[in-house]
Amino acid sequence: MFPQRLTDGYRSFLHGRLATERARYLELAEKGQHPDIMVISCGDSRVAPETIFDAGPGEMFVVRNIAGIVPPCDEDPETAFHGTSACVEFGVNALEVGHIVVMGHASCGGVAAYANQAAPLSKRDFIGKWMSQIKPVADAVGPRTGDYADWIRRMEWGVVEYSMRNLMTFPAVRERVEAGKLAIHGAYFGVATGVLFMRDPATGRFEPYAEA
């Protein structure tokens with residue numbers, strides 16, 4: 001049976017947002033999507049970009065995976081399936097977004113699993129293989145020497161920066177950034193606090209958002 005929670009939610013959508021934004025949905029169907037912002041984030045159910053940024057339909061192109069990682073551009077199409085890379089290609093080459101936001105978050109299970117060398121969840125260990133990409137981040141942060149929360153946070157911030165660097169290995173991304181047509185941003189969401197941290201490109205520090 002289809003989950004009751006989803007049928008209830010759809011009923012609310014049908015008589016709520018769809019009813020009040022029907023013209024917007026018709027426009028999106030007829031003219032297609034033209035979002036200016038692409039968000040790459042974790043699949044964690046607590047960290048929904050559309051909710052955090054109060055986005056409506058068609059406003060953001062969202063990509064989610066374990067820990068919100070962007071792998072480096074792989075020129076060999078035969079080596080693996082490239083789900084995230086395909087999304088980057090579509091967002092940049094087809095949608096021509098003007099901004100890409102890489103958003104990490106607190107209490108990231110993928111980062112914690114790698115940092116703590118958690119046991120695989122299956123024999124194939126898809127998560128472990130995926131998270132092995134962040135070894136350079138873990139090496140740069142180093143072993144835990146003090147407060148655990150601070151150590152993990154630095155790892156989580158490092159993953160955001162790692163993905164930002166990897167975006168620049170995609171030729172189309174680099175070309176658009178260098179032409180001033182695309183900007184890459186780093187962000188970090190505090191699940192318990194609701195605070196959004198934005199990476200300052202000048203200092204490399206993650207600073208909490210503050211209203212003027």
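Asp44 (D44) counts as buried, at 15% relative accessibility; buried means under 20% relative accessible area, exposed means over 50%, and partly exposed lies in between, for a 1.4 Å probe and protein chains only. The model is a predicted one, in which local features need pLDDT of at least 70 and side-chain atom pairs count only at pLDDT 80 or more, while totals for chains, interfaces and linings use all residues. Residues are numbered from 1 along each chain as its sequence is written, and side-chain values use heavy atoms, with hydrogens and water left out.

D44 is found in the loop between β1 and α4 (49-52). Helices (H or I, at least four residues) and strands (E, at least two) are DSSP runs, numbered from the N terminus. The side chain of D44 makes a polar contact with the side chain of R46, at 2.6 Å. A polar contact is a pair of N or O atoms within 3.5 Å; within protein, one must be able to donate a hydrogen and the other to accept it, and residues adjacent in sequence count only if both atoms are side-chain atoms. Not counting residues up to four places away in sequence, D44 touches R64, H105 and S107, where contact means heavy atoms within 4.5 Å.

Six strands form an open sheet with mixed pairing, in the order β2-β1-β3-β4-β5-β6; two strands pair if DSSP finds at least two bridges between them. The edges are taken by β2 (60-65) and β6 (206-208), each with a single partner strand, so one side of each is left without a neighbour in the sheet. On average, neighbouring strands of this sheet are turned by 25° against each other, direction ignored. For such angles, axes are lines fitted to C-alpha atoms, for helices over the stretch in contact, and angles run from 0 to 180 degrees between N-to-C directions.

Strand β1 (37-42) has five of its six residues buried, so it is largely enclosed by the rest of the structure. With β2, strand β1 pairs in the parallel sense over six bridges, and V39 stands opposite V62 in β2. Five bridges join β1 to β3, and these two strands also run parallel; here I40 stands opposite V102 in β3. Strand β3 (residues 99-105) is in turn joined to strand β4 (residues 183-189) by seven bridges, again in parallel, and the bridge partner of G104 in β4 is Y188.

Three bridges join β4 to strand β5 (residues 196-199) in the antiparallel sense, with Y188 opposite F197 in β5. These two strands form a hairpin with six residues between them, and G194 in the turn has a positive phi of about 80°. Strands β5 and β6 likewise pair in the antiparallel sense over three bridges, with F197 opposite P208 in β6. Their hairpin has six residues between the strands, and G204 in the turn has a positive phi of about 80°.

Most residues other than glycine have a negative phi, and most peptide bonds are trans. D54, in the loop between α4 and β2, is not a glycine but has a positive phi of about 50°. D54 is exposed, with a relative accessible area of 68%. A67, in the loop between β2 and α5, has a positive phi of about 70° although it is not a glycine. At 8% relative accessibility, A67 counts as buried.

Two packed helices are described by the angle between their axes and the distance between the axes. The axes of α5 (residues 83-94) and α10 (residues 171-178) come within 9 Å and cross at roughly 40°. The crossing is left-handed, a term used if the near helix is turned anticlockwise from the far one by less than a right angle. In this contact, V88, V92 and N93 in α5 meet A172, V173 and R176 in α10. These residues divide into four nonpolar, one polar and one charged; Ala, Val, Leu, Ile, Met, Phe, Trp, Tyr, Cys and Pro count as nonpolar, Asp, Glu, Lys and Arg as charged, and the others, Gly among them, as polar.
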